[in-house]
Structures are given as C-alpha cells and as structure tokens.
Amino acid sequence: MTATATPFRLQIPDAALQDLQTRLALTRLPDEAPEAPWKYGTSVAYLRDLLAYWQQGFDWRAEEAALNAFPQFRTKLHGINLHFLHVRGEGPNPMPLLLSHGWPGSVFEFLDLIPRLTEPSRFGGDPKDAFTIVAPSLPGYGLSFQPGQARFSLEAIADCLADLMTDVLGYRRFGAQGGDWGGFVSSRLGAVHAEKLLGIHLNLLAVRRDPALVQTQDEDERRYLAELSEFLKEETGYQWIQGTRPQTLAFGLTDSPAGLAAWIAEKFKIWTDNNGSPESAVNRDRMLANISLYWFTGCIGASFHPYYARMHGPWPIPGTVDVPMGYCQFPKEILRPPQSLAARTYTDIRRWSVMPKGGHFAAMEQPEVLAREIQAFFRPLR
C-alpha cells in the first residue's frame with residue numbers, strides 16, 4: 001500500500017447517538033389502511049417495533065466495533081476521501097478481490113463474508129483459495145461521503161475504484177465481485193478496464209430491463225418476462241423518485257430517522273428470502289447498523305445519484321463484457337435474467353449457479369454459500 005492511504009477507525013460522537021435517540025422518541029407515525037400489512041409499503045406495526053428496538057435495544061457501539069475489527073483506510077482519490085477496508089488474505093498468494101456494495105447497502109453487508117474469503121481455513125476451506133479483500137464505501141455512500149462533494153455516476157465510481165486498486169494499492173490485476181450497483185460497477189470494470197481484471201463474479205446482472213430484448217420464448221425466458229413485467233409495474237417507484245427528484249426526497253430522509261428506516265427496511269423486506277419479516281433473512285442488528293451508517297453520515301441524498309445519472313445518461317456498460325464472468329443466482333433476487341439474455345452482454349460466462357435459497361442481500365443472507373461460489377469461480381483464474 002502506498003503512503004497516500006491512512007488508517008481509519010470509525011467513532012461516531014456520543015452527541016450524534018443522543019440526537020438519534022431524541023429524534024426516535026419524537027417519531028410521529030402515519031396511519032395505515034385497514035388492509036394487508038406491507039401492501040402499500042412499509043408496515044406501520046413493523047416499523048413501530050423496529051424503531052423501538054433501534055431506540056432501546058440496538059447497540060451501535062457493538063456494530064461499530066465489529067467494523068473496526070477490520071483494517072480500514074482513507075485515501076484522497078478523484079477529489080474525495082475514499083474509505084475502504086483492506087483485509088490481507090492467508091496463504092502464500094491470496095488473490096486481490098474488490099467487493100462492491102450497492103443501494104441501500106454499505107460495507108456492513110460484508111462483515112460475515114470477508115473472513116470466509118480471507119481465511120478459508122477457519123471455515124474448513126483451503127488457504128490456496130484465500131483472497132485479499134478491498135471493500136470500499138462507494139463514492140457518495142457512508143464513509144466515502146462529505147457534504148458538498150461531487151456526485152458520482154456508476155461510470156465515475158468504476159473509474160475511481162480501478163484507480164484505488166492499481167494506483168493506490170498497487171494491484172496490477174485483480175478480481176471484482178458485487179451485487180446491486182456493485183454488480184454494475186464490476187461489469188463496468190470488466191468492460192472498460194478489462195486489462196486490469198482477472199474476472200468478475202456477480203450476484204446481480206447488469207442486463208437491460210427491456211422486454212423487447214427477449215427474442216425467444218423458452219420456459220426460462222417466459223418466466224423472466226413475467227418477473228420483469230411485475231417488477232416494472234410494482235417495484236420501480238423508488239427508482240423514479242431517486243432518479244428524478246433525489247434532492248426533494250433527501251430532505252425527509254435526512255431529517256427523520258423513522259423515514260429513513262421505513263425507506264430502507266422496505267427493501268430488506270421485499271428483496272430478501274424471508275418468511276414475512278426481514279429479520280428472518282438478515283440479522284436485525286446488522287440491518288440497523290447499515291441504516292444507522294446512512295443516518296450518521298447524512299449520505300442518503302448522495303447515495304441516490306447513481307439512479308439520477310442512470311436515468312439521464314447512457315447505458316453504463318458499453319459493448320460487451322469479455323473478461324471471465326461467474327454468476328450466482330438467488331431465488332429472491334429482484335430480477336433473474338436467463339443465461340441466453342445475459343450472454344449478449346457477458347461473452348465469457350464460466351460459471352452459472354442457481355441457489356435454492358437467498359435473495360438480493362446475498363452477502364448478508366447467505367455468506368457461506370456466496371463465499372464458496374466466489375472461491376469456485378476464481379480458483380482456475382489464479
């Protein structure tokens with residue numbers, strides 16, 4: 001690592017914790033239509049219980065300590081202070097791997113995944129499969145945000161992270177992995193920085209969401225068309241407001257922790273493989289740590305910018321992605337394009353795995369399964 005990266009440790013001031021407690025105590029909840037909970041968005045009863053736990057039971061300091069157990073750094077790059085975890089792998093030759101989160105995620109997503117990748121022997125694996133992990137807070141997110149800084153599109157995020165890996169950390173070639181926007185960032189890296197990539201592994205594909213692109217009608221494609229039609233009709237409202245009026249939405253979510261929790265918790269409910277409650281799929285404390293990081297850093301408005309840039313700019317994956325690609329499909333992912341459609345973007349699909357359980361937040365829901373898939377994909381590329 002070059003001297004341009006300095007060690008970092010998270011320490012939220014006590015005053016900020018007290019301010020959050022005060023605001024939670026003053027929450028005014030809306031009424032709820034007398035119909036099925038979650039039909040129109042976040043359940044009032046669910047959120048009331050979550051807020052009570054956030055105020056009275058949640059231990060931010062414990063989650064902060066869990067993050068601080070990993071080596072963290074900041075570096076001045078592309079005009080911002082970029083935060084990242086840099087965790088050395090065991091064994092003789094760990095592969096450098098860039099992990100990219102998405103929205104509404106953060107580096108807290110990866111705390112159970114990272115040890116499985118850096119120290120596979122702890123989990124019954126082979127040290128030869130070890131990775132050295134670089135897990136940044138995406139520019140504009142969490143600890144890579146400061147008020148007033150420039151906003152980053154997906155294209156700019158990919159360029160920034162490529163420079164982090166090569167110019168700051170000195171890795172000539174590396175692997176990349178991600179879901180949500182992290183899947184797009186990894187795909188963009190494979191498209192425009194191919195000479196630096198050993199391969200990319202995804203749990204969400206950067207495939208255009210256009211029903212007209214599905215030209216044949218086999219069973220898998222018919223399933224995808226139905227899935228896509230439902231998603232476009234019922235699940236894209238957040239994209240439209242974040243992609244057209246992000247500043248207006250940011251007022252409410254920056255001022256109200258209840259509003260922020262409702263906005264993000266809904267995604268954990270809808271996008272995870274749960275039995276009716278997000279906490280059946282992800283740990284409640286870890287979900288609240290993720291929400292709290294958005295709250296304490298005040299980054300929610302900046303975190304919307306990739307949506308705005310996506311709606312007002314070109315498709316972020318130019319041409320095809322020709323580096324080796326592996327994909328892990330989880331059954332409750334928001335969209336699951338068929339391999340026939342994915343192959344139009346990814347020309348070198350080496351691994352395509354379909355999992356029996358899990359959803360959008362795979363690193364939190366199924367860290368052991370995801371780690372095994374990442375290891376298996378990259379094993380022949382070492």
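# Close-up views of a predicted model

**View 1. Strand E5 and its partners in the sheet.** His 86 stands opposite Val 134 in E5, and this pair belongs to the place where strand E3 (residues 80-87) is joined to E5 by four bridges, the two running antiparallel. The model is a predicted one, in which local features need pLDDT of at least 70 and side-chain atom pairs count only at pLDDT 80 or more, while totals for chains, interfaces and linings use all residues. Residues are numbered from 1 along each chain as its sequence is written, and side-chain values use heavy atoms, with hydrogens and water left out. Helices (H or I, at least four residues) and strands (E, at least two) are DSSP runs, numbered from the N terminus, and two strands pair if DSSP finds at least two bridges between them. E5 also pairs with E4, in the parallel sense and over four bridges, and there Leu 97 stands opposite Ile 133 in E5. In a regular strand the side chains alternate between the two faces of the sheet. In E5, Phe 131, Ile 133 and Ala 135 lie on one side and Thr 132, Val 134 and Pro 136 on the other, and all of them are buried, where buried means under 20% relative accessible area, exposed over 50% and partly exposed in between (1.4 Å probe, protein chains only). Six of the six residues of E5 are buried, so E5 is largely enclosed by the rest of the structure.

View 2. Nine strands form an open sheet with mixed pairing, in the order E1-E2-E3-E5-E4-E6-E7-E8-E9. Strand E1 (5-8) and strand E9 (349-354) stand at the edges with a single partner strand each, so one side of each is left without a neighbour in the sheet. Neighbouring strands of this sheet are turned by 25° against each other on average, direction ignored.

**View 3. Strand E6 between E4 and E7.** E6 pairs with E4 in the parallel sense over four bridges, and Leu 98 stands opposite Ala 176 in E6. E6 and E7 pair in the parallel sense as well, over five bridges, with Ala 176 standing opposite Ile 200 in E7. Phe 174, Ala 176 and Gly 178 point one way from E6, whereas Gly 175 and Gln 177 point the other way, and all are buried. Because five of the five residues of E6 are buried, E6 is largely enclosed by the rest of the structure.

View 4. Strand E7 (residues 197-202) and strand E8 (residues 325-329) pair in the parallel sense over three bridges, and the bridge partner of Ile 200 in E8 is Met 325. Helix H6 (residues 181-192) packs on the sheet, where it touches strand E4 (95-100), strand E6 (174-178) and E7, and its direction makes about 155° with that of E7. Helix H16 (residues 367-378) also packs on the sheet, touching E4, strand E5 (131-136), E6, E7, E8 and E9, with a direction at about 150° to that of E7. Axes are lines fitted to C-alpha atoms, for helices over the stretch in contact, and angles run from 0 to 180 degrees between N-to-C directions; contact means heavy atoms within 4.5 Å.

**View 5. Helices H8 and H13.** Helix H8 (residues 237-244) and helix H13 (residues 305-312) pack at an angle of about 85°, with their axes 7 Å apart. H8 is therefore roughly perpendicular to H13, a description used for angles of 65 to 115 degrees, whereas angles under 35 degrees count as roughly parallel, over 145 as roughly antiparallel and the rest as oblique. Tyr 238, Gln 239, Trp 240, Gln 242, Gly 243 and Thr 244 in H8 meet Tyr 307, Tyr 308, Met 311 and His 312 in H13.

**View 6. The surroundings of Trp 271.** Trp 271 lies in helix H10 (residues 257-271) and, at 2% relative accessibility, counts as buried. The C-alpha atoms of Trp 271 and Ile 334 are separated by 6.1 Å, although these residues are 63 residues apart along the chain.
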